[in-house]
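Me: Please take a close look at a single part of this structure and describe it for a reader who is new to it.

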Amino acid sequence: MKIVVCIKQVPDTTQVKIDPQTNTLVREGVQSIVNPFDVYAIEEAVRLKERFGGTVTVITMGPPQAENVLREAVTVGADDAVLVSDRAFAGSDTLATGYTLAMAIKKLGNVDMIICGKQASDGDTAQVGPGIATQLDLPQVTYVNKIEDIKDGHAVMHRMTEEGYEVVQTSMPCLITVVKEINEPRLPSLKGKMKAKSVQIKSMKAIDLDVEDNRLGLTGSPTWVSKIFTPPPRPKGEIFEGEASETTTKLVGVLKDHLKG
Amino acid sequence: MLDYLLTDEQKMIRDLCRQITDEKIRPVAAKYDESQEFPWDVVKVMADADIGGLYIEQKYGGMGGGIMELVIAAEEFSKGCGGIALCFAATALGTLPIILFGNEDQKQKYLPDIASGKKIAAFGITEPAAGSDASAMQTTADLKGDHYVLNGMQHFITNGGDAETYVVIAMTDKSKGARGASAFILEKGMKGFTFGKKEDKMGIRASSTRELIFTDCKVPKENLLGKEGMGFVITMKTFDKSRPGIGAQAVGIAQGALDEAVKYARQRHQFGRSISSFQGIQFMLADMATEVEAARALVYSCARMIDSGAKDYSQYSAMCKLFASEMAMKVTTDAVQIFGGYGYIKEYPVEKYMRDAKITQIYEGTSQIQKNVIGLSLIKEALKK
């Protein structure tokens, strides 16, 4: 089974700073890590490899420094790593990113399963995974918290919902996004760390992909962030004191005024 | 810590072992100290991280390192818990005789499972009446056809009952005294090989210590390690290589206690200021840190000498174990002193370091036995001149 895991390099901080001019993330001086949700995707891929055999390829789109997160994935069991990097990809929104990654995965060929984290911790859109599936015309299962079985070209899995979970059977190849309940990621191994040091990172540029240039980067991005702001803290609620009958009458009066207002 | 010019690979080992210690050992150290259960979950983490094979040749599935790599790992784990670290270090003690004296068949059969971490190992020589004087041992092994029959009892065996692979010393010819001992590889589950009581210890409580009982235990002839009569030579050569591991355990325990003491001294306020501002405390911390570093330097130097292929290193191996274990006892006692009353209660971590440190002065040869080894070496060298 050939598994591809899409990962993203994100800033390692809870206090993400936004550039007020461009409304994009300030990345300078902030250490980068593997998007926390993607760590579960890598772990699940490695577990599937251990259960059913096969290979795990990690892929990321980003600047050359994103190589570090690919190497980190190798320390915990990924076999190959692909860096999709080109100036032409700069400024991609989720549509252009999904398109570019989909074309890169297509280039890898014969992929049985694509695994993504449910969303990235910086953008929080949860759109790129489903976007890749759409571009490749693959079935997609989002918010997976358990993979029950894979056989005869089908996979059975549990998909988390707000009320409980759904058991979904899908044909393969397919794309899934996973939630953190799916597993407990392992620590790196020594052999993995040594392999990560020497592993050859495969590089893909725009010219290596069968892409339409106008669908890449800023040109290929119909959405842009017009403003990012921190919402003001919620004002304190009004507290009515006194007897129950008294406060109830007061409350109903205030609510009525609000409705009129 | 001084820069010991570790190789990139050694730094990688240190960082990984540190990560295991911080994420998987420290959070459970107090729990296992209290319950005395065997820390299988942590042993599994070590196995998955390829730590089991650090000092085993690559052709048997190991990482191809030596004593230096073993020492780095033992020290890092011991910073978190000397008992859990011992599950790893005692496996090394049970494995070294096979690495040093095993034939190809024995190595092929036993080393890969230890390297992968699937099995842990143990070494057995101590008996109730034979501690420092190992030649007083009573366990016998009689050759009967194609197997030896072992009878007797050993005690205080680290990893006893939990290990799968054992190297056990027994007398094949009592009339020859020390030259009549031989070494055997035993497997858990062999008929007539059972385990007695588990000891309730002062420290290193996460590590198991049990009796090994041999009742007409049939051991195949091919499980003899080396030749008949080599039992004590094998033991001495094994200890010469394993003692830096105990030195490293002592350094790790002491470093762990020192780190806690520095942290506490900065937090604790008396007479209106942090106690770390008092020279009395600073001098104590300075002495502790200097001694820890000196012991580490001695342990690392000895480990590197062994790995360089040197022949005559038993006195240095004894020195590093002696110095580091005496240092650890002193430093951990001082750490408790800096904590004052809080140091004496189990809610704080330093009393455990002090209890764990004590054993390093006792096992794999007491401090006094180390001095015997060093003294004898000095006299032998003087005679050669």
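**A bent helix**

Reply: Helix α1 of chain B bends by about 50 degrees at B:Ile25, and a proline, B:Pro27, follows within four residues. The bend at a residue is the angle between axes fitted to the seven residues ending there and the seven starting there. This is a predicted model, in which local features need pLDDT of at least 70 and side-chain atom pairs count only at pLDDT 80 or more, while totals for chains, interfaces and linings use all residues. Residues are numbered from 1 along each chain as its sequence is written, and chains are lettered from A and ligands numbered from 1 in the order in which they are written.

α1(B) covers residues 8–35, 28 residues in total. Helices (H or I, at least four residues) are DSSP runs, numbered from the N terminus. From first C-alpha to last, α1(B) reaches 38 Å, close to the 40 Å expected at 1.5 Å a residue; the expected span is 1.5 Å times one less than the number of residues.

B:Ile25, where the helix bends, is one of its buried residues, and others include B:Ile13, B:Leu16, B:Ile20 and B:Tyr32. Buried means that 20 or more other C-beta atoms, placed from the backbone, lie within 10 Å of the residue's own. The buried residues of α1(B) pack against α2, α3, α4 and α9 of chain B, and also against α5 (190–198) of chain A.

Between the two chains, seven residues of chain A are in contact with 12 residues of chain B, contact being C-beta atoms, placed from the backbone, within 7 Å. After α1(B) comes B:Gln36, with a positive phi near 60 degrees.

Key:
Helices (H or I, at least four residues) and strands (E, at least two) are DSSP runs, numbered from the N terminus. A residue is buried if 20 or more other C-beta atoms lie within 10 Å of its own, exposed if 12 or fewer, and partly exposed in between; C-beta atoms are placed from the backbone.
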